[in-house]
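Please examine the sequence and the structure shown below. The briefing that follows describes the chain as a whole and then selected residues, grouped by topic.

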Amino acid sequence: MLTGAFWGSGQGWGKIRVVTVFKRRAVWLAAVGVLAGSLAACGKPDANHPSQGGTAPKEMVIKVATTDAVSSLDPAGPYDIGSRTLQANLYQTLLTILPDKPTPVPDAADCQYDAPTTYTCSLKDGLTFPNGHELESSDVKFSFDRLLRLKTPGGAAALFSSVASVSTPDRLTAVFTLKRPDARLPYLLTTTAASIVDEQFYPAGKLLSDNAMGSGPYQLKSYKAGSEAVLGKFKGYRGPRAAQNDTVEVSLLTTAASLEQALKTGKADFGVHGFGPSALDRLRADGKLQVVDAGSAEIRFFTFHMASLVARKPAVRRAVAQLIDRSAIAKKAYGDHVTPLYSVVPPGFAGQVDAFRTQYKDPNKTAATAILREGGITAPVTLTVGWTPVQYGAGAKAEVLELKRQLEASGLFKVVLKSADWPRYQQLARAGAYDLYQAGFIPDYLDSGDYLEPFVRDGGLFQNGYRNSAANKLMDQQIAEQNQLEREALLTDLQNLLAQEAPVIPVWQGRLTVVAGEGIENVDKTLDPLSFVYFSPLRK
C-alpha cells in the first residue's frame, strides 16, 4: 500500500460530440432492449429468458470477508490496499497483467510506442460502462487529467510524473506524450491508478468516494462505507477477467477474531487480509477450510517524518536503524510467518542489495551509542511512535511493542506509543504527528524502481518531508536507463544511499494468505503478488 500520486489535451470537438452520441445511443439501446426482450419472449427459451413457469438459474453469490479498510472507491483517491482491491474488480485499465504472463497484455486497448516519448493506445470498439455510456478516448484523457489535477494525498499521481499530456486524435485513440523516455509506462497503465472512469459520471475537481462507474468485471450494486460492498457481474465487460460468479458480497470487518469466526461458521466463503499467525495455524488445523499461501510483494517498515525536530537529525535515524532487531520482530509479533527485510527492495528484484545489513550489520548498542555521540545528541532520546490497530493486521500492536522494548532496552531511547484508527492515522502521519510511524507498502508493479519511488520523490505516497537531490537524480537516471546492467547499478546505489540516510527503516516482507470454504473453486487463481484479490475466478 504504497504510493503518492500517479497521471492532457484532446480535441475540443470530442467532448461535445461524445455527449450527444451518448444520449442518442442510450435511447437507441433502450429501444433495442425492449425489442429484443419482445422477440426473445416469442422465441425459444434460453438461460437468460427461461420459459414461463420454469425456474430461473440460482444466482452464484460469493461472500468475502476482510479487515481491510477502504478509504475510497475512486481510483484518483487514496491508494491503500483495501481501496485498490475493490477498484481492481470495478474498473478496467488499458493494459493488465495476468498470472501466467509477466508482461502487460491488452485489457481495454492495444498499446505501443511510436517513439521514445510517444505511446499510443487503440481502444476496443463497443466498450461501455454499466450505465450504457460508451467508453471512448475522451474518457481515458479525462481519467488521467483528473488524476494529475487532483494529486490526492496518499494517491497515485506521482507515478505518472513523466506524462506531459494525453491527446485524443479520434474517439478510439489515446496518445500519451511523455516529458522524457519512461520504459515503465506499460506497467503503470496496469495499475488501479490508471483505471478508466466515465467522464459524465465523475466530477473533474473532487473525489467521488462512495460510488463507482467503471467498465471492469463487476459493477457496484451497493456500498456502505466501513461496512460492506456488493458487486454484481458486469455482463458488458470485454477483457480477460470476466466474472465466473454473479455477485460478490464483501464484508469489511474490524477485528481478526471476527474474520476468523466468519470463516469457521460459514458466514464467509472467502477471507483475505487480517489473519494473525495463530489464527492461520488454527484454520489450517481445522481441516474443513482451504488455506492458500502465495508469495507477496508487500513490505512493512517504519518511517520518520521530517516535520519532527528529532527525526530531522540523521544520527537519531541511524541509531534506530542500528538497534532494530528484525528477526525478533518477525518471531515475536508474527510467529515467523514473515521474513526479515534489509532493504526497501525485497530479494529477487533486479539490483537488490541488503543495504541495511551491510550498513549496520547486527543490532549493536555500542555502535548506536557512538552514532548518537558523534551527532552531538544526548541520550535518552524521546521518540513518539505511531501505529494503527486494524489496517496492518493482528501483529501490528505486538510489532510496535517489540520495537519499543528493543529501543528502550538500549537505554538510548524513551518510546511513547500513540495509536489511531484508519483513516485518521493516515492524516496524522502525513501531518507529522509522529516522529516515527508504522507503515506498509505494496508496489504497483513488480520492479525494484517502484519500491524506491515512494520514498524518494517529493509528493510520493509517504510524504514525510524527506528530500535528497542525489536520490532524485539516481531515480531519474534508473528510469531512463535502457542498459539493464547500468540500471541495476543505479538501483543499488540508491538503496545504499537510503540505508545511509535512514529516512525509512525496512522491517519485513510478507506473504499473501487467503482462507476459503472447501467448496470454493479457483482460489489460487485469485491471488496476485501485489496482494490484490481478483474475485472473477471464484466459483462454488
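A residue is called buried if its relative accessible area is under 20%, exposed if it is over 50%, and partly exposed in between, using a 1.4 Å probe and protein chains only. By this rule D354 is partly exposed, with a relative accessible area of 27%. The model is predicted, so local features need pLDDT of at least 70 and side-chain atom pairs count only at pLDDT 80 or more, whereas totals for chains, interfaces and linings use all residues. Residues are numbered from 1 along each chain as its sequence is written, and side-chain values use heavy atoms, with hydrogens and water left out.

**The chain as a whole**

- The protein chain has 15 helices and 17 strands; these are DSSP runs numbered from the N terminus, with helices (H or I) of at least four residues and strands (E) of at least two.
- Of the 540 residues in the protein chain, 56% are buried.
- The chain exposes about 21,900 Å², of which carbon and sulfur atoms supply 52%; accessible areas come from the Shrake-Rupley method with a 1.4 Å probe, and for residues only the protein chains shown count as cover.

**Salt bridges**

- The structure has 18 salt bridges, each being a side-chain nitrogen of Lys or Arg within 4 Å of a carboxyl oxygen of Asp or Glu.
- R171 and D125 form a salt bridge in which the closest N and O atoms are 3.0 Å apart. R171 lies in the loop between β6 (163–170) and β7 (173–178) and D125 in the loop between β5 (118–123) and α3 (137–150), so this pair ties together parts that are 46 residues apart in sequence.
- R171 is partly exposed at 25% relative accessible area, and D125 is also partly exposed, at 45%.
- D447 and R487 form another salt bridge, with 2.7 Å between the closest N and O atoms. Because D447 lies in the loop between β16 (436–441) and α13 (448–456) and R487 lies in helix α15 (residues 484–501), the pair ties together parts that are 40 residues apart in sequence.
- D447 is buried, with a relative accessible area of 17%, and R487 is buried at 10%.
- Salt bridges that share partners join D125, E136 and R171 into one network.

**R357 and its surroundings**

- R357 meets D354 in a salt bridge of 3.8 Å, N to O.
- The charged end of R357 also sits over the ring of Y342, 4.0 Å from its centre; a charge sits over a ring if NZ of Lys or CZ of Arg is within 6 Å of the ring centre and within 35 degrees of the ring normal.
- R357 is partly exposed, with a relative accessible area of 40%.
- A further case is R241, which lies over the face of Y534 at 3.8 Å from the ring centre.

- R326 lies in helix α8 (residues 326–334).
- Beyond residues up to four places away in sequence, R326 touches P340, L341, Y342, F356, I505, P506 and V507; contact means heavy atoms within 4.5 Å.

- L280 is in helix α6 (residues 277–286) and is buried at 7% relative accessibility.
- L280 and T513 are 233 residues apart along the chain, yet their C-alpha atoms are separated by 8.5 Å.
- Leaving aside neighbours within four places in sequence, L280 contacts F275, V291, T513 and V515.
- L95 is in strand β2 (residues 95–96) and is buried, with a relative accessible area of 4%.
- Not counting residues up to four places away in sequence, the contacts of L95 include P104, V105, Y119 and L189.

**Backbone features**

- The peptide bond from A379 to P380 is cis, with omega near 0°, and P380 is in the loop between α10 (365–374) and β14 (381–387).
- Another cis peptide bond joins W422 and P423, with omega about 10°.
- H273 is not a glycine but has a positive phi of about 65°, and H273 is buried at 14% relative accessibility.
- K361, which is not a glycine, has a positive phi of about 55°; K361 is exposed, with a relative accessible area of 60%.
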